[in-house]
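Please read them beside the model.

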Amino acid sequence: MTSRPAEPHAPGLQPRDGARLVTDVEGPPTGPRELGERSKSCPQRLTRRWARGAGWSLLIALAGSAHAQENTVQLSGKAIARTGVIAHGTPACASCHGMSGEGVAVQDGPRLAGLDEAYLLRQLDAFSKQARPSRAMTPVARSLTAAERRAVARYYAQLPPPPRPAATAPLVEAGRALALDGAWSVGIPPCASCHGADGRGVGSTTPALSGQAEAYLVAQLRRYQSGERRNDPLGLMRGIAGRMNRTQIRAVAAYYAAQPAGAESSAGPGR
Amino acid sequence: MTGRSAPSRRLATLAIAAVIGLGMLALGVGISPHLAKHRIAEPATGGFHPPPESAIPDNEFGRQVRLGKAIFTDTGALAPTYVGNSLRCSSCHLDAGRLANSAPLWGAYPLYPAYRAKNGHVNTFQERLQGCFRYSMNGKPPPLGDPVLVALESYAYFLTMGAPVGAKLPGQGYPKLAPPPQRPDYARGAAVYKASCALCHGVDGQGQSSNGKMVFPPLWGPQSYNWGAGMSDIANAAGFIKANMPLSQGGTLSDQEAWDVATYMDSQPRPQDPRFTGSIEETRTRFHASPTSMYGRTVNGVLLGDGRPTNLEHGSPMAAEGAADIASPKAAPDALKQQIRPDGASASSPQTANDR
């Protein structure tokens, strides 16, 4: 759709299978622009890969800056998702979020498919403004123009959510109790009271949790807890995560990871 | 596959690896653990702790208790004949009727039978529950002895096991707030609403659903509680809101903010009081002769209690279809509007809310 070369993103990349992504990739995946950036959410092994990718970005930035200026064509959300924006050093979203936006568990890349468009856009803005600092996502979000963010948010919002994840964990039952009944004695309402009975989220107010990667959920709850992620309206999640203990976090993440993502969350009046 | 030579790749990799190593050190110091914990006032818990779910016995009584809990938390689905809106009992009695300061069932049950001014006689607990369906649920009271009431009563009885009977337990009811420093004000309430409530309940107060199920309940309009409900009394609403809203942040609003936002919320249109006599004026005199009820007053040009929820701010999608659900009383005479709003001032507070 544009004249951009497919490089340097490895064409044979299989992001559906995170393990393969890490070990089989021949060419360097494009890394984030900032060289000092390290993805906290992606494992070390991948980070090393990314380091090389970053090297490539640098080389490409040097060699291809002329090309970058020519590339004024508005990219489609799909193109950004699948191949990134080479001119800005933006890696393909697919490398951490999967080719169908289903998420890549080993990289803590959450699923994006079928999440609410306005919610996704709000997160990209928060990443770039550091209201939700992320060593993986801040540089990515910053490398996108406003139009590109909108396009990619729209793209992921219209993708069908992935089928039921295989995950089953021993903690799931404990997680279910917290998710559906809460722990009011320590001020935690049921997650369901804000994320919906089946965890599919409510419009742009709350995101879907069901079918989300377990490690991603754990990481986000810890970040709310530490205050590192602080883009939550009214400080709602900082408050709630702040009252959760480690076991509760692990249990509830296991529970939601094991729930079917189901159809797109539908916003509507409350009835 | 990249078209670049292997040696140059390795060189670059080495150089970058070094930079990254340093970068990570720097970052590790910068980002690490302890940013101040964001903690919000935790909800007060009464002295009494109801028995846990696991204590529900495995017999016929236990079955009733479980059914009662299910009805309490999914009222419209399990008692559809008696429910006329999209609320659940647990929308207003949080933690499935267990939470202190959220009118918990274990606080209510030991107080019955009791005399209630609302209907002028001694009420059994089941009669009390009938009122909830008629007003809060904008529906029909189930007949005494109906399986719905039996199950709900069993659940309340279960939650009360171990509590002293006949006594008012700490945490019973909603907190009674002291009169606010300033007269409660609609406009200030609107600002609080926008800042702290609209996120979940919607700018138009109609709540939000997910996957066809109500999650954030409507606060006014055709799918909310009617003008006979306890929550339509600003004093009750202020107490509930102060203790419980925004959800998970109970106790964070000031008393003034709670009174203001309750005034705003209870100055919106909602379904007619089922005791409507045919005249708004008479209904106000008989059932709403209280400074904390806005029934029969005119706010923003809308006479509250005319049963037409037309004041939904952002053109609620529900206004049109919901209007049909509501008995449409005779329009109030203009003279009445003037009588109720003699000053014609901006729609504001109940004049003497702070007398309470």
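1. A salt bridge here is a side-chain nitrogen of Lys or Arg within 4 Å of a carboxyl oxygen of Asp or Glu. Arg200(A) and Asp198(A) form one, with their closest N and O atoms 3.5 Å apart. Arg200(A) is buried at 16% relative accessible area, and Asp198(A) is partly exposed at 27% (buried is under 20%, exposed over 50%, partly exposed in between, with a 1.4 Å probe and protein chains only).

2. This is a predicted model, in which local features need pLDDT of at least 70, side-chain atom pairs count only at pLDDT 80 or more, and totals for chains, interfaces and linings use all residues. Residues are numbered from 1 along each chain as its sequence is written, chains are lettered from A and ligands numbered from 1 in the order written, and side-chain values use heavy atoms, without hydrogens and water.

3. Over all chains, the search finds 14 salt bridges. In one of them, Asp125(A) meets Arg149(A) at 2.9 Å, N to O. The two residues are 24 apart in the chain, Asp125(A) in helix α5 and Arg149(A) in helix α7 of chain A (helices are DSSP runs of H or I, at least four residues, numbered from the N terminus). Arg149(A) is buried, at 14% relative accessibility, whereas Asp125(A) is partly exposed, at 25%.

4. Lys69(B) pairs with Glu53(B) in a salt bridge, the closest N and O atoms being 2.6 Å apart. Lys69(B) sits in helix α2 and Glu53(B) in the loop between α1 and α2 of chain B, so the bridge ties together parts 16 residues apart in sequence. Shared partners join Asp181(A), Glu53(B) and Lys69(B) into one network.
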